[in-house]
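Please examine the sequence and the three-dimensional model shown below. A short report on its overall architecture follows.

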Amino acid sequence: MNFSIEVPAEANPLTTQTLHHILQSASSNDPQQLKTATQQLQNWEKSPGFYSSLQTLYIDYSLPVELRHLAILQLKNGIDKYWRKTAFNAINKEEKNLIRSRSLESGISEPEYLLAVQNSITIAKIIRYEFPHDWPDAISSVMAKLRSTSQSPNPTQLSRTLLILLHIIKELSTARLQRSRASLQSAAPEIVDHLSKIYFDKVNTWLSFLKHDGDDEGGALDRMDQSLLALRVLRRLIVAGYEFPNRHKDIQSIWGILVSHFGEILGLVHEQSAAMHINPRSLIEKHLVQIAKLHLDMVKTHPAGYVLLPNSVGLATAYWGLARRFGEDMGSQTTESRSVDDEELGSTLERLSLTGLLLIRACLKMVYNPAQTFKYQQAEDKEEKRMAKELMKTALLSGEFAQEVMETLITRFFVITPRDLCQWDDDPEEWEKSQEDSGDDWELNLRTCSEKLFIDLMINYKELLVQPLINVFLSIADTQNTEVLLKDSIYCAIGLAAPVLDQYPEFDFGSFLDNTLAQEVQMSRPGYKIIHRRAAIVLGQWLPVREGLNRPLVYQIFQHLLDTSDRSNDKLVRITSGRQLKNVIDPFEFTAESFMPYASTTLGRLMALIEEVNLTDTKLALLGTLSAIVTRLEQNIIPFADQIISLLPPLWDQAGEEYLLKQSILGILSAMSTSMQAESRRYHPIIIPLIQSSVDPNSETRVYLLEEALDLWAIVLTQTPSDGVSSEIITLVQHLFPLFETASENLRKALEIMDLYIHLIPTEILTNVPVVLKPLAMLLGSVKRDATGLVTSLVKDLVQEADNLGGVLAVRDLIPVLLSSNWLSTTLSALHDAYSAHQTTGPNRKTSSVDSIVETDYLNVLAHIAVVSPSLFLSAMEATRYQGQSEDPESLEHKFSWLLTEWFSHMDNIGHPAHKKLNCLALTALLELGQSWILSRLQSLMSLWTDVVNELVIDASVHEGVVDMRDCLVYTDPNAAKPDGPEPPADFRKRAMAFKDPVHRIDIRVYVRDKLAVAIESCGGMEAFQRDWVQNVDEDIVRGFSALGIV
């Protein structure tokens, strides 16, 4: 019996034998062996010789393919991590040389295709890092191998060499550095020359085989594979290897031959498709696809170059002819669905037709919306662009061509296909989702690309195309006309062109809505489900752009389209209507009054549809519509609130691990709470547990739902009146503190929620203020500037709430907590650091670690304490130690010496008038202490008073000849800022608090006068004050202050 013992990862030394054993374990089905092997491989990643040993095992063909595959994958992944010279634990030079020396030969000789692909990618990554400086002969070495293998009797060697070259060109063509691009362009001519010879030789050989019914099918398949690889390399190299490919004769020649090959191979496929075996037909069709990709890449990357290459305009015309012929059989002939063969679901002809539409669209962009560049252009470059633009406009993009394309798109490509009808009936939800998602991958979807091309034509040729479109629309838009498929395509065009047609008053969409569409959606004729679906889409496209439409009628239409009793309103019609209703509700023109008569029925049917559908994406879309209705109806949603809320808990339970659905549910609850305002309190028993489970640190859902739960939490607090706070809301606050500790991306929202709590339940917050302040103090200096501003604002609000509730005594109880939490210490340390930095000049000047705005935030909190009680502020400063303070006891005068120096010097950096006034009040308040360290700053105080009073005191009189000088920041009417409409309770609380703020309650002139009187009295009267302090102030400053008339 064979026992395998896995020792700890650290105990295994790196040898080829142990690496072989570990790779065997890594490919094992035993979880323990796999875990141990994975850990060992991770430990070896930084060991010298690890990657060369992996390559040694990979090139040993006697080993199992699975083990060799794992070895080359590990090597490929290691190149990304450790090949750069600057990488930590980078692969050493000797090991790199060994890996390079064996890579090409091993790739050429590799018998397994999948392993050859991985090795080719590995070589390409190495060359991207090392060519041309560290591996200058990389390309020449590959070309030498290409020349030798092209003569080899073994066809696999040439295929492998071409595969290596393909991945090298892929890698280099995506490089952004100019050095890499220049290196590729310098090597391109040689590569193109040899590759084109290989390609033409192989193509001519297998074309001859097909035309003359040769008997060496295996050899023909090998040549097809080789020519396809060569073509794939050429496609990338012609586009990325030349800055102006049209100026090179060899490219012109190759381009012309490829154009002729395209036509020849396409004809061959059509002629022999039935008799041709699947393998050669697949390879031949891949040649067509690659040549088509070359044409499309060229017109996108080098638009002018494409036009100036041989036969390019005729090529675009040929592509359009191909697409037009494909479109003839594309649309359905009947409204009944039928089964579709697998071969019809993605034919090569469809892909080529799609390329044709993309190419036409790229040509339109080149002419009417060319890409802008900052790159310097020579006169020749500009002339080429001008010539290309004129040639394209005259030879291809004429008005007649644009009209032909528009007509073909509408009558062929916009017609619903048999495939669509089949999928409509088989899985309506999945098909509807695919139609909505197709806009993101329009370059891969024929229908969506045709719609994009149609919009481009309407924008750029509107003078020519609008009237014919209107004429054909008027001829078809009749309730008696039962050509459902044609109507659907015309209506589709009208919807897509809505932004253009809206500029033409003669197109009366309102009349069409009233007289035709409203009647057609009530018809239940065969196939009219197609018209019902299109009606919803067209209304969703027109309502956002055309004002003055009959909105009540639109709401009736959607109400009917959601009605299950009409058999034409099948599941897909109702889903489409539910989705498009959001586009009708969203525009600014929407009013709740016009929608209310239809709200009850529409909401009921919409919510029934949400319960009926199964796909998560569909539920999300319909919930988005429901959320939009809730938001736009505002308080008018209250009568339907119970019905909506009853839908959500079961939906939450059904969602399971579909967290996007749960996020949407939380979003609807947020919209409901915002719209219902205080009325939403009755749903708190449902909302609060959802918030709690979503923000709980131990909850698995927290990582997915935290952001939406915090938004909902904030809205709940915003809409909760001060007299309606439940114990559940108070208990919820404990879940905020972990968010402060992690300082996550949701920190800002968490701080905003804490601010809401401070104003909602100030007594409870102040009672537990140590728990609140400790995590807040830890954030100081460790978060971004805006977050620091929020933190300091919270502390300032705490001080003010304490002052409002209990005056000086309440603020006094707050000071020990500010000290014990190190909040004051951190603040003073930051201010001292700023002071020290500002004392340095010249070459030895230091930069303060405290941003100027953050310094203002710190000073605002200190200022608020000083305004409440200067003596309390004095004792707090005396008790606070700061970083940089000497071990010896520091005199209070010394501490205030540097603090006031920094404080006064920073006043000029405070831009916000309210903040500047607050700090001015604080510095003025210190005068009542009668201390020399503040009286000696009288000159700075007088300058500050003059500055602030001149800024804030304005003439508020409304009568001519009457002067009424007032402090513009003082509020006299508590209801002056009250909004006209409903006011959220949180806004009321903030407005009330702002009215009590010293900045908005105290007149700066009166305050300065009163504090100066206290200072004068403490100095022994005006004479002593003049003698001891005023005489030291500059006369101009005294004169400026006296002019204020304060004293």
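How many helices and strands make up the secondary structure of the protein? The secondary structure comprises 51 helices and 2 strands, taken as DSSP runs numbered from the N terminus (helices H or I, at least four residues; strands E, at least two). This is a predicted model, in which local features need pLDDT of at least 70, side-chain atom pairs count only at pLDDT 80 or more, and totals for chains, interfaces and linings use all residues. Residues are numbered from 1 along each chain as its sequence is written, and side-chain values use heavy atoms, with hydrogens and water left out.

Overall dimensions and surface are listed here.

| Property | Value |
|---|---|
| Radius of gyration of the protein | 39 Å |
| Box filled by C-alpha atoms, along the principal axes | roughly 125 × 85 × 75 Å |

A compact globule of 1047 residues would have a radius of gyration near 31 Å; the radius is taken over C-alpha atoms, and the globule rule is 2.2 Å times the number of residues to the power 0.38.

Of the 1047 residues, 53% are buried, meaning under 20% relative accessible area with a 1.4 Å probe, protein chains only.

Methods:
Buried < 20%, exposed > 50% of the residue type's maximum accessible area, 1.4 Å probe, protein only.
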